[in-house]
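Here are my comments on the entry, as numbered points.

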Amino acid sequence: MAQIVVLAACVAAIFALFMRRTPLLGWTAALAVAAYVLQTGLVGFEESDVRPFVWLLGLLALACAALAYAPLRRAALVAPLFRRIKGTLPKVSATEQEALNAGTIGFDAELFSGTPDWSKLSAVPPITLSEEEKAFLDGPVNELCRMAKDWQIRHELRDIPAEIWEFVKTRGFLGMLIAKEHGGLGFSAQAQSLVLGRIASRSPDVCTLVMVPNSLGPGELIEKYGTPAQKQYYLPRLAKGLEVPCFALTGPTSGSDAATMRDVGYVERGRHQGEEVVGIRLSWEKRYITLGPQATLVGLAFRLIDRDNILGRGEDIGITVALVPASHPGVEIGRRHLPSGTAFPNGPNWGRDVFIPIDWVIGGEKMAGQGWRMLMECLAAGRSISLPSSSAAGAKALLRHTTAYARIRKQFDLPIGRMEGLEEPLARMAEVAYVNEAARAVTASMVSRGEKPSVLSAIMKYQTTERLRRALNDAMDLHGGRGICDGPSNYLMSAYQTMPVGITVEGANILTRSLITFAQGALRSHPFLYREIAACQDASAARGLVAFDAAFCEHVAFTLANAFGALFHNLTFGRFGRVPRTAHANAVVYRQLWRGARNFAFVADLAVAVLGGQLKVRQKVTGRLADALSELYLLCCVLKRYEDDGKPVDDRHVVALCAANGLFKLQEALRGAIDNFPVAPVRWLLRAVVFPLGAHYRPAPDWLGHKVVGLLLAPGEARDRLTRFIYVSRSEDDPTGLLEVAFTKAVAAEATEKKLDHAVRAGKVHRVHGNDWFAEAVKLGVLSEAEGQQLRELEALTARVIAVDHFDPAEVRPHYMTAGHNARAMLQDAAAQ
Ligand SMILES: Cc1cc2nc3c(=O)[nH]c(=O)nc-3n(C[C@H](O)[C@H](O)[C@H](O)COP(=O)(O)OP(=O)(O)OC[C@H]3O[C@@H](n4cnc5c(N)ncnc54)[C@H](O)[C@@H]3O)c2cc1C
């Protein structure tokens with residue numbers, strides 16, 4: 001028995017030493033003590049039985065002591081590895097290097113570490129707005145939402161109405177990110193996110209109009225990198241809408257791989273406004289440029305070449321961004337694309353041999369060649385705000401409208417939302433709304449306090465848009481024909497049509513998931529990888545070896561700690577995971593998250609070490625690891641939102657639903673990555689460590705979904721909280737306002753309706769066309785006068801809610817067929833030039 005206890009203690013000690021990343025000298029001491037204790041017979045073993053183990057322990061202690069001596073370790077072990085690893089580590093191109101250097105590392109690094117520091121999560125401030133920001137949301141933003149008539153914009157005009165342009169320009173919407181000193185509103189990222197979200201919940205087209213000038217583009221680039229003259233001239237004009245900006249990066253041959261653009265500028269001397277100046281002769285062809293057709297100022301990205309070394313910095317200066325007025329001679333602002341039936345202006349632009357002075361480069365001559373870095377830096381912050389805001393708001397608005405509709409619309413004598421088959425998609429929609437909003441709020445707070453989270457912003461972009469797409473499909477299914485038939489009363493179609501735009505822009509989702517999030521994220525957020533790569537790329541081999549040695553030793557300890565930590569937590573089902581003091585009811589979820597982080601860190605670390613330079617092409621593995629990292633982050637945000645909201649009792653079921661599904665998806669993502677890991681022995685090892693007792697997370701049970709949907713099928717605080725910050729109309733003349741009114745009345749009339757239904761089923765009252773069944777029910781004493789009136793009113797409202805529009809064929813005939821400047825014609829034009 002004593003021997004079993006001793007063996008168990010030894011195993012526990014080994015786990016503890018590995019998990020605590022004990023240094024080599026610590027191992028030396030531990031092994032020496034173990035050898036001594038065994039040899040003395042203190043623990044009851046015969047000396048002759050244990051002699052080989054004593055020798056083994058002694059030799060291991062000696063090896064550890066030797067390895068602890070740095071010059072010896074480097075010469076014997078690290079230097080050969082250093083030379084080999086140099087060849088297998090991912091090759092980082094110049095543009096990738098700039099992308100890697102851009103942005104900040106934040107909570108993503110905690111997840112990569114396998115031992116997240118929960119205090120860093122709780123230190124992110126909750127949603128905080130200034131009085132001015134609150135007043136703007138409740139004033140001009142609501143006013144804009146009231147003005148936005150979706151059908152008019154999307155169908156009748158296929159354009160943004162002049163009064164909306166005027167309103168957003170004069171009320172400062174286009175300058176939310178421009179500092180007050182430059183005439184802008186100087187709003188925090190959180191406020192910008194909420195403004196964009198509220199507008200998106202009303203009209204995706206109007207949201208795009210406001211979003212573009214407030215995200216990556218001239219305004220932000222000038223604010224951050226512009227010369228004093230550029231700031232002084234352009235920022236007040238942009239803030240007041242005197243300039244309409246667009247940002248032109250994408251071209252026909254450079255989409256996702258924007259850095260390979262063929263758009264080129266040659267440094268030359270030339271004449272500008274009668275004077276000879278150093279300038280750039282530009283040729284470019286861009287497409288898909290939002291606001292392009294109406295822009296007065298083009299932020300143009302191109303590659304700058306200085307063949308005559310006029311700037312004295314060699315020939316290839318690199319990607320550069322310049323401010324080119326649309327009215328400048330030679331600038332061709334094309335006509336319009338028709339992206340997914342949306343109404344915001346979007347189109348191509350081009351130019352041939354257009355001469356601009358070098359002062360037009362954002363930041364002036366010294367910033368020539370810095371374009372990619374500038375773009376990546378701004379993208380890291382902007383990607384956290386723009387699309388996550390509209391995706392969170394979209395999910396909340398869909399949830400509010402769809403649950404209202406599902407409560408009003410009856411089939412088989414039952415509100416359709418009460419049928420189990422529909423409860424399932426409604427619960428999914430509730431989960432998307434809660435998760436997207438939680439992650440939006442936390443990430444926007446990070447940006448508000450100055451972070452530019454490059455990895456987390458990539459997660460936010462692809463996850464929130466992807467989840468919104470799922471929610472949209474669910475909303476459409478739930479509405480049946482009511483959602484499909486377009487017209488002024490359809491409140492789903494504009495989001496449905498715009499969805500592919502959100503999926504594609506700011507890094508198309510497949511690329512963002514399978515390449516950017518994990519492959520670049522690992523390089524950035526992994527605690528040692530970046531240091532190792534930097535050491536390998538050091539020009540001085542000796543200095544590189546010393547730096548590599550330090551990072552590598554820590555890396556080995558980290559890998560072993562994660563392997564033993566993951567195995568320990570998996571064998572103990574996460575019971576000993578670390579929990580923040582504030583966790584209370586969610587302690588169990590935090591423990592599982594801790595365990596999940598350990599597992600993720602272990603798999604991610606081995607994936608990086610084994611796949612090395614292959615990481616960029618093994619996208620099925622990296623995509624799944626991106627999903628695993630996303631689930632960890634999103635679930636952290638869910639827990640934080642619950643705590644920031646004051647742990648509302650009603651929300652605990654929503655959190656439990658999100659947690660169960662999040663952990664299940666985390667497990668499946670890791671399982672998929674491991675099952676498909678291309679190197680068999682590593683696959684076996686990963687499986688043994690991560691799933692030693694199998695995969696035991698399950699999706700949220702049906703009863704949780706039932707509870708959550710129950711919260712949404714009646715008016716109340718929980719429903720309002722789950723759909724917070726969106727625009728809610730209360731006007732019967734508005735399709736969504738009508739829903740709100742009818743929904744409240746339907747819930748209030750539930751008991752009365754039951755009385756009538758009962759009488760109809762009993763054959764007392766006849767609910768058929770041509771009969772006034774309310775009057776009949778009153779006459780028979782089934783309903784009182786007031787009840788009859790209540791149901792009559794509800795019936796009329798319901799009839800309007802379920803009605804769909806119909807048109808004269810001439811009204812719906814497309815009118816752009818005759819004037820189209822199609823792609824083939826453009827190619828012919830290009831060939832002719
Ligand atoms: C409505 C709209 C508005 C836009 N607004 C602007 C704007 O204002 N300014 C601007 O500059 N651009 C804008 N864009 C361009 C947008 O950023 C690009 O469409 C986007 O970068 C994708 O490029 P692409 O469409 O050429 O697709 P492609 O690059 O051809 O990609 C096709 C598919 O392949 C995937 N893919 C490509 N490479 C990889 C890889 N290495 N690994 C994995 N998957 C990969 C992509 O994810 C995508 O799914 C806009 C586009 C649209 C549709």
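1. Which atom of Leu 249 lies 2.8 Å from an oxygen atom of the ligand? A backbone N or O atom of Leu 249 does. The model is predicted, so this value, like the others below, is computed.

2. The ligand is surrounded by 20 residues, and the closest are Phe 247, Leu 249, Thr 250, Ser 256 and Tyr 288. Phe 247 places a backbone N or O atom 2.8 Å from a nitrogen atom of the ligand.

3. The crossing of α23 and α24 is left-handed.

4. On the α23 side, the residues that meet α24 include Val 589, Leu 593, Phe 600, Val 603 and Leu 611. Their partners in α24 include Val 621, Leu 625, Leu 632, Cys 636 and Glu 643. By class, the contact of α23 with α24 has 17 nonpolar residues, one polar and one charged.

5. Helix α23 also packs against helix α22 (residues 541–571), with axes that come within 8 Å and cross at roughly 135°. The pair α22 and α23 is therefore oblique, and the crossing is left-handed. From α22 the contact takes in His 555, Phe 558, Asn 562, His 569 and Asn 570, among others. From α23 it includes Trp 594, Arg 595, Arg 598, Phe 602 and Asp 605. The classes in the contact of α22 with α23 are eight nonpolar, seven polar and three charged residues.

6. The remaining pair is helix α15 (residues 371–408) with helix α17 (residues 454–479). Their axes come within 8 Å and cross at roughly 20°. This angle is under 35°, and α15 and α17 are therefore roughly parallel to each other. The crossing of α15 with α17 is left-handed. Their contact has 15 nonpolar, eleven polar and two charged residues.

Key. Residues are numbered from 1 along each chain as its sequence is written. This is a predicted model: local features need pLDDT of at least 70, side-chain atom pairs count only at pLDDT 80 or more; totals for chains, interfaces and linings use all residues. Side-chain values use heavy atoms; hydrogens and water are left out. A crossing is left-handed if the near helix is turned anticlockwise from the far one by less than a right angle, and right-handed if clockwise. Helices (H or I, at least four residues) and strands (E, at least two) are DSSP runs, numbered from the N terminus. Contact means heavy atoms within 4.5 Å. Ala, Val, Leu, Ile, Met, Phe, Trp, Tyr, Cys and Pro count as nonpolar, Asp, Glu, Lys and Arg as charged, and the others, Gly among them, as polar. A residue is near a molecule or strand if one of its heavy atoms lies within 4 Å of it. A polar contact is a pair of N or O atoms within 3.5 Å; within protein, one must be able to donate a hydrogen and the other to accept it, and residues adjacent in sequence count only if both atoms are side-chain atoms. Axes are lines fitted to C-alpha atoms, for helices over the stretch in contact, and angles run from 0 to 180 degrees between N-to-C directions. Angles under 35 degrees count as roughly parallel, over 145 as roughly antiparallel, 65 to 115 as roughly perpendicular and the rest as oblique.
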